[in-house]
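Keep the picture beside you as you read.

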Amino acid sequence: MKQHTTYCSLTVGLFLAIIGAAVAVEGVNHPYWGSPKAPRNLLRPSPSKEKFTERSLPKKLPKAPETEWRLPTALKPIHYVVQLQPLINGNYSILGHVEIEMEVLEPTSNVTLHINSITTFDSTIMVAAAGGGAEVSVVSTSYDSTYDFFTVDLAEQLQVGQNYIISMDFEGYLDNNGYGFYRASYVNGNGETVYLALTQFESEGARRAFPCFDEPSLKATFDIILGREDTMIALSNTPVIDTTPIEGQPGWSWDSYATTVVMPSYLLAFVVSDFVSNTTTTSTGLPFGVWARQQKIETAQYALDKGPDVLEFFEIYLQIPYAMPKMDMLSSTDFGGAMENWGLIIYSESAMLFDPEVDGLSDKQGTMLVMAHEIAHQWFGNLVTTAWWSHLWLNEGFASFMEYNGADFCEPSWNIKDDLLLNDHHYVFELDSMALFSHPIIRTAETPTQVDMMFDSITYSKGASINRMQNYILTEGTFVKGLTNYLTMYQFSNAYQDYLFEHLTNAGHADGTLSTDMTMKQIMDTWTLQAGYPLITVNRSADGTSASVSQKRFWTNHEDTAETWWVPITYTTQDNPNFDNTQPMMWMADTDLEITVDTLPTQDQWVIFNIQETGYFRVNYDDNNWDLLFQQLATNPDAIHPLNRAQINDDYTDISRAGLLSYSSVMEKMTYLRKETALAPWIAALNNFDYMDTMLQRTRGYNAFKNYLLDLIIPLYESTGFEAKDDVSPQEQKKHMIAIAWACGLGHKDCVQNSVALYEEWMKNPDNKRIIHPNMKKTVYCTAIAEGGVAEWDFAWSKYMESEAASEKYRLLEAMACSRDSDVLSRYLEMAFSRSSHIKKDDAHMVFTSVTKNTVGRDAAWNFLRNNGRSISKRIYPSKSLRDLVKIVTDTFNTAEESAQIEKFQRLHSKYFSSVYAEEVTSIINNNILWMDRNYDIIMKWLAEHGYDTANQN
Ligand SMILES: *[C@@H]1O[C@H](CO)[C@@H](O)[C@H](O)[C@H]1NC(C)=O
Ligand SMILES: *[C@@H]1O[C@H](CO)[C@@H](O)[C@H](O)[C@H]1NC(C)=O
Ligand SMILES: *[C@@H]1O[C@H](CO)[C@@H](O)[C@H](O)[C@H]1NC(C)=O
Ligand SMILES: *[C@@H]1O[C@H](CO)[C@@H](O)[C@H](O)[C@H]1NC(C)=O
Ligand SMILES: [Zn+2]
């Protein structure tokens, strides 16, 4: 993993040559009515006597053929002037004016644009030939709320070869719904509520701010003009080039911004707030700012230190300069996650801010990764944009892959690239083998609901994982060369995946890393156009020297289907181990159900396929080879690469879960973990034990299982100790966090007592922030609240109320869900979902999820849902509907009685919870029941035979 830094320094010289010729942002001279230099007054004569049509959200989305959801293809936007004045401290209206220059691709007699929740003033609509040409009379307007289409019918046809300009005034609304151009609020140091306006446009929110051609391929340049009160600042994608007072409105000014590069509407961003900034410049002279409210700006220091480094890393790595004339990164309340708006990235406070006083290593890594993700988007998504949402992985799969390269460059000691295997690859493996969650990476995305559903783990995590696979198939240098060519070819334009594959193929052929009779399209289509992934079964001959290698789709739940893939085969052997050779040694074609490998050692030597688990597939072996592998692990695990140890742990357990291996062997073989000292294999193993743990939690045999897990974990816990140490490597720190989380979670006395004592000390010295090390907070808070009573819970609540740091607030909310008092938990759930509580709407969902994770809590949450289902469904965002909450709480149901409760719930709540959802939930429960039927007795028998049913390891 360290070859990375070398790669970068080697290319610096080359890069500096390129950046000299950086893309200049060209100002375009457009003959508009109302020049951007002198913005028009948007206040309308009041009271408005205009006839207008209220545009509102479509209620029900009918099914429609794909093309009906797209704008007509006759017109293409070239340039916009967008002038907006949000009345943040007024009636929340957004006064707006827009002018759009359009090219005519086919003759047409209407202009059709996207609008949602906007009121147009129809008498202001004007259409005329560009360059001061003749006006075209408007006949009528109409609106189709299903498709968000606003149509302006014209008296004559617009002609090909002539550009036209449409202009109009309109009024929008700063809702508080987190979408479009909306309002957010926070409480300042004086206890006053302060409002701000900001945007979240992806995927279809720009049309809520101004009329536009709101599709990712309809790129244009934009001149933005924002009206703001003089006490506030306004930001957009480019720097301010002019500020003028608003005539007739004392205390108000217009900020005009430099013309953007060619870009899609969903990447625009506007912020009007009283935020403050801290700034720097990159070594290539790019202004780089971070923004936050006054109370928080100091905690933006880490983002300010590392953001410019990440940006410069990608410029060098991809050999393409960043295209905008500045970069700002801003954190806000009432914002979920992070958004890669070109030149103005917006984050939630917990995503961007890092407070070394209260936050630990995992918070820092989280900030680093999300920053690297959004900055990687400036190339993948912004410079080259997916042609349509169906190909979203070209944006998200790449940002999710590249974030690890960016983070690794900035923080080489973290070994963070390993996390992709655990966080993305292993995570999505589980979903991608279940009928309910698995689907192709590329899929139909026409309706708004379908477009929303593209933003899921298959797009992000499977996308990242297959990019990692491509990186190793071609080798890193060739892969990046292909990417550079692809990005350069389609810059300021759009792409389908075939465009990417063509450039990767060319690079592979040129460098000789891809055989000239193969193409990346041929290979990768099998991974992106079909769902799932293969299980590769390696069955060695009696003498061991050859093996049949076969492929079949891996299903957790015993389905049987016939998909095949192009599978890159790598392997290494005990007699000649080499874990660096990650290039394919041979291919299994999609027509090969089985191939033979005949260069293997004798039957007393192990073989391992899929070196460093770079391929997106699982491997099963014959019993003898599995035994050899685990004998090796039990004697000297270090003989096998840590990522292959993670692979072995994950594959063995999940193949058993699918019924192809036995759980008595899982129990037996995993005892090797007593010898395991590396992070990745531990995480892989524990993630799998997590499922077993949730299944067994409510059974009579749970104590025996706990004893078993503690027996494996205690050596790790004893090696790291309870106390956090700052002078050890990041890997050691993470091991420590895992060790105490599991040891305390399983009730290990030493861990529990220490946690309770620390928390007590904190309660006695509530203002001392140093008592509990940030890396230990999650475990210590949770353990002390679980062990404690109302006093411990109330103390956490008071800390939650007074804490300023979003991450600390989040931790406390999570920890308060650890209580084992069902009355406390019921009260907590009621607070979370009541309108008047101090828990943000978005966090209620997290509180609910956390409560269900604890044994007592799951029942409390289920009762709560049964009693309050109706009122809850009104208070949560549609995307976090009742259906999701039911899924979360019933995820661990595994008895027939529990299954029967779903049916009853569905009948009572049929209005909010359809029978289709009930069937989905029931299918998960049935799989859990099946798992219990097959494995419970086997596991308990093994545990009893090995003395765990009576042992007390505490
Ligand atoms: C909001 O206030 C502005 C400025 O006073 C006014 O022009 C506009 O008509 C108002 N909008 C609504 C919907 O009341
Ligand atoms: C607008 O014109 C296009 C052809 O350019 C046509 O397909 C579409 O149906 C028209 N829309 C309306 C609402 O008339
Ligand atoms: C702004 O950044 C500089 C240097 O990075 C730092 O020394 C200073 O403390 C920062 N100011 C604030 C208010 O955070
Ligand atoms: C493995 O190969 C042996 C013959 O070498 C065969 O008898 C056995 O059925 C095979 N096992 C599997 C799972 O294919
Ligand atoms: Zn992203």
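## Around ligand 2

Start with threonine 108: one of its polar side-chain atoms sits 2.7 Å from an oxygen atom of ligand 2. On its own, ligand 2 has 360 Å² of accessible area, and the protein covers 47% of that. Bear in mind that this is a predicted model, so what you see here comes from a prediction.

Who else is there? The residues around ligand 2 are Ala74, Thr108, Asn110 and Thr151. Sort this shell by type and you get 1 nonpolar, 3 polar and no charged residues.

## Around ligand 3

Now hop over to ligand 3, which has Asn278, Glu298, Gln301 and Leu304 around it. That shell splits into 1 nonpolar, 2 polar and 1 charged residue.

Which side chains put a polar atom by an oxygen atom of ligand 3? Asparagine 278 does, with a polar side-chain atom 2.4 Å from an oxygen atom of the ligand. Glutamine 301 does as well, and there the distance is 2.8 Å. Taken alone, ligand 3 exposes 370 Å², of which the protein buries 45%.

## A sheet of four strands

Next, look for an open sheet built from 4 strands, in the order β30-β26-β25-β32, with mixed pairing. Which strands stand at the edges? They are β30 (594-597) and β32 (618-621); each has a single partner strand, so one side of each is left without a neighbour in the sheet. Ignoring direction, neighbouring strands here are turned by 25° against each other on average.

Zoom in on strand β26, which covers residues 547-553: β26 and β30 pair in the antiparallel sense over 4 bridges. If you want to spot a bridge yourself, find alanine 547, whose bridge partner in β30 is valine 597.

## Rings that meet

How many aromatic pairs does a search of the whole structure find? The count is 62. One to look up is tyrosine 80 with phenylalanine 210: the ring centres are 5.9 Å apart and the planes stand at 85°, so the pair is edge-to-face.

This pair links distant parts of the chain, as the two residues are 130 residues apart. Tyrosine 80 belongs to strand β2 (residues 75-86), while phenylalanine 210 lies in the loop between β12 (193-200) and β13 (221-229).

Definitions and conventions:
Residues are numbered from 1 along each chain as its sequence is written. Chains are lettered from A and ligands numbered from 1 in the order in which they are written. This is a predicted model: local features need pLDDT of at least 70, side-chain atom pairs count only at pLDDT 80 or more; totals for chains, interfaces and linings use all residues. Side-chain values use heavy atoms; hydrogens and water are left out. Two strands pair if DSSP finds at least two bridges between them. Axes are lines fitted to C-alpha atoms, for helices over the stretch in contact, and angles run from 0 to 180 degrees between N-to-C directions. A residue is near a molecule or strand if one of its heavy atoms lies within 4 Å of it. A polar contact is a pair of N or O atoms within 3.5 Å; within protein, one must be able to donate a hydrogen and the other to accept it, and residues adjacent in sequence count only if both atoms are side-chain atoms. Accessible areas come from the Shrake-Rupley method with a 1.4 Å probe; for residues, only the protein chains shown count as cover. Ala, Val, Leu, Ile, Met, Phe, Trp, Tyr, Cys and Pro count as nonpolar, Asp, Glu, Lys and Arg as charged, and the others, Gly among them, as polar. Rings of Phe, Tyr and Trp (its six-membered ring) pair if their centres lie within 6.5 Å; planes under 30 degrees apart count as stacked, over 60 as edge-to-face and the rest as tilted.
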